[in-house]
Amino acid sequence: MGAKEGFIQFKRETPVSRDPKERISDYREIYEPFSGEKLNNQAARCMDCGVPFCHNGCPLGNVIPEFNEAVYNQEWGQAISILRSTNNFPEFTGRICPAPCEASCVLGINKDPVAIELIEKNIAEKAYELGLIHANPPAKRTGKKVAVVGSGPAGLAAADQLNQAGHEVTLFEKDAKVGGLLRYGIPDFKLEKWVIDRRVKLMEDEGVIFATNTEIGKTTTAEEVLKSFDAVVLSTGAQQPRALNIKGDKLKGVHFAMEFLGKQNQVIGSEISENPISAKGKHVIVIGGGDTGSDCIGTSNRHGAASITQLELLPKPPKQRNVLNPWPEWPMTLKTSSSHEEGAERMFSILTKEFTGNEAGEVTGLTLVDIEWKEKGGRMTFEEIAGTERTVPCDLAFIAIGYMGPAQNGLLQAFGAETMENSLPKSKNYQSTNPKVFLAGDMRRGQSLVVWAISEGRETAVKVDEYLMGSSSLPQKDESFFQVEEHIAG
């Protein structure tokens, strides 16, 4: 424990963001630098609890009190060593993780929790600055070859771990650049892509082979991959968006969120010259109250939208925990993102009924109605409120209500991986029904967080290593945690 009374002496403090009016003119990261002294004070707030619930809150099992103490003592080598022992990419999670560890912080019972995500990001960046993160190829090679299909956070983590185990790893990516959702889903104002490029270069220097513009079923076949490699990891994410299925949802101007966000990231990355979906001067409706919907708001503001309205089916959450949502559960409270600060109207308890359009087949409006949530028979249901139905202007709509599972493109079937009724693949210990094929990330467990994807990639790597070598020296979660996650994933 660095400072015995740090949690009393210092208040939680996080970086100041740039003025919303200024930052909507660019796609750069929104936060100002955070001074070393302030970071030291934030690390000092950690109480080094006898039972650190933050460990359990973190899907990776990060050893948080220990790296906080190392930061407090400015022992950066020790800090990055502790952090890297459980997390392959702290520079990613330190920027975009919703920080379930902070929701479980014991200090959060009656005070603001420790700023763990901020500390994690700064450990990574300080380690790069000091040259503590550098290429470290494995000393020996096993002669085994592993293919990883999909270069999102799960695929990258699996590839990184398997390469360190000494296997020859080739990572296949259908797009022009590596990163998956990190690159083509998350806006640059949350994660600038040089952060990904820096890590990919490091992995290349360590021996990972990246095969971009390579799509299984088009550029090559599953049969060829199975024949050329000793094991295969599928980690292509949950790419099947959940449809709204209301009248008019096929009108021009109604899009799934990732159609918009992905193209914008391609513009910023100089892959295409302009986004074919423009929000400039339009009345934008975002359907869905999660992070993806928020990203659509931030990007639409940067396009110069005339107005932005975000609709949420659920009621407005409370500003603070209530008695039915105690610590250390995830707080079901109102979240205001940086994109909301930049301008948008938020509406809760709203049911969308129908898109309306003109003779050219373009969307012009959205019919909606207020709803009231009630408990019936132990379940929450809603009823429409009479007299509240109306049609609001809508020139452009983004559907951001989640994902159903893996893309229905025949990839799983081509690799001999059977699926369940919910379209997720059958798996046991991350292994599919084809013993040679393993599964990781959202493709296996369904839509989840980047931090869970990294965890999945790490655990899958252990099982692949055991399959190839009979045992594995790669680090893994304790067995009880592992069994719980297998049960959850079905």
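**Exercises on a predicted model**

Cys49 is partly exposed, with a relative accessible area of 23% (buried means under 20%, exposed over 50%, partly exposed in between, with a 1.4 Å probe and protein chains only). The model is predicted, so local features need pLDDT of at least 70 and side-chain atom pairs pLDDT 80 or more, while totals for chains, interfaces and linings use all residues. Residues are numbered from 1 along each chain as its sequence is written, and side-chain values use heavy atoms, leaving out hydrogens and water.

**Exercise 1.** Determine how many disulfides the rule gives.

*Solution.* A disulfide is a pair of cysteine sulfur atoms within 2.5 Å. By this rule, the count is zero. For Cys46, the nearest cysteine sulfur is that of Cys49, 6.3 Å away, and Cys46 is in no disulfide. Cys46 is buried, at a relative accessible area of 11%.

**Exercise 2.** State the strand order of the open sheet and identify its edge strands.

*Solution.* Strands (E, at least two residues) and helices (H or I, at least four) are DSSP runs numbered from the N terminus; two strands pair if DSSP finds at least two bridges between them. The order of the five strands is E6-E14-E7-E8-E9, with parallel pairing. Strand E6 (254-256) and strand E9 (345-347) are the edges, each pairing on one side only.

**Exercise 3.** Describe how helix H15 lies against the sheet.

*Solution.* Contact means heavy atoms within 4.5 Å. Helix H15 (residues 291-303) packs on the sheet and touches E7, E8 and E14. Angles run from 0 to 180 degrees between N-to-C directions, with axes fitted to C-alpha atoms, for helices over the stretch in contact. The direction of H15 makes about 175° with that of E8.
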